[in-house]
Amino acid sequence: MERYHYVGLDVHKKMISFCVKKVDGTLVDEGVVRATRKELAKWVATVPAPWIGGMEATLFTGWVYDFLLPHARELKVGHSYMLRAICASKKKNDKLDARKITDALRCDWFPACHMAPARVPGIRN
């Protein structure tokens, strides 16, 4: 059976917080990467393969999703309202949000929504 790493991404306009964990919850890596294609390319080369990723649906999710999709075994976008219900906490910051997204993926609690393919004109622009 293939073992995956799980990657949670908290996407913002200028920065993306990430958390990488093994299936047993062992923390592999976490941090922040600038939200540019150049910096994401450097970062994704360091992620242990194969990996499954997830992020919340935001204004900036589309291009990040399209960029990372070829590198991931699976990449999911979470329904914002449902994720908020799962990740609600008084302690809130980008690092903790990335960890919670990772754990939701690992435990199969991630409320994924459909992501239209980038090739469908006018749908995601």
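This is a predicted model: local features need pLDDT of at least 70, side-chain atom pairs count only at pLDDT 80 or more; totals for chains, interfaces and linings use all residues.
Is cysteine 113 buried, partly exposed or exposed? Cysteine 113 turns out to be partly exposed, with a relative accessible area of 29%.

**Confidence**
- Averaged over the protein, pLDDT is 88, and 84% of the residues get to 70 or more.
- Helix H1 is where confidence is highest, with a mean of 98.
- At the other end sits helix H3 (residues 80-87), where confidence is lowest, at a mean of 64.

**Overall layout**
- You're looking at 4 helices and 6 strands.
- Walk along from the N terminus and the elements go β-β-β-α-β-α-β-α-α-β.
- Take the contacts with a separation of 6 or more: 52% of them join residues 24 or more positions apart.

**Inside and outside**
- The protein has 125 residues, and 38% of them count as buried.
- Its accessible surface is about 7,500 Å², with 55% of that belonging to carbon and sulfur atoms.

**The cores**
- The largest nonpolar core is made of 21 residues.
- Leu9, Ile16, Trp43, Trp51, Met55 and Leu68 are the ones with the most contacts inside this core.
- At least two residues of this core come from each of these elements: strands E1 (5-11), E2 (15-22), E4 (51-56) and E5 (74-78), plus helices H1 (37-44) and H2 (61-68).
- Apart from this core lies another, with 7 residues, including Tyr6, Ile52, Ile101 and Ala104.

**Cysteines**
- Cysteine 19 is buried, because its relative accessible area of 0% falls under the 20% cut-off.
- Cysteine 113, at 29%, lands between the 20% and 50% limits, so it counts as partly exposed.
- As for disulfides, the count is 0.

**A loop residue to look at**
- Leucine 59 has its place in the loop between E4 and H2.
- Why does leucine 59 count as exposed? Its relative accessible area is 79%, and exposed means over 50%.
- Leucine 59 and valine 11 are 48 residues apart in sequence, while their C-alpha atoms are 9.2 Å apart in space.

Note on methods:
Residues are numbered from 1 along each chain as its sequence is written. Side-chain values use heavy atoms; hydrogens and water are left out. A nonpolar core is a set of buried Ala, Val, Leu, Ile, Met, Phe, Trp, Tyr and Cys residues joined through side-chain atoms within 4.5 Å. Buried means under 20% relative accessible area, exposed over 50%, partly exposed in between (1.4 Å probe, protein chains only). Contact means heavy atoms within 4.5 Å. Accessible areas come from the Shrake-Rupley method with a 1.4 Å probe; for residues, only the protein chains shown count as cover. A disulfide is a pair of cysteine sulfur atoms within 2.5 Å. pLDDT is the predictor's confidence in each residue, from 0 to 100.
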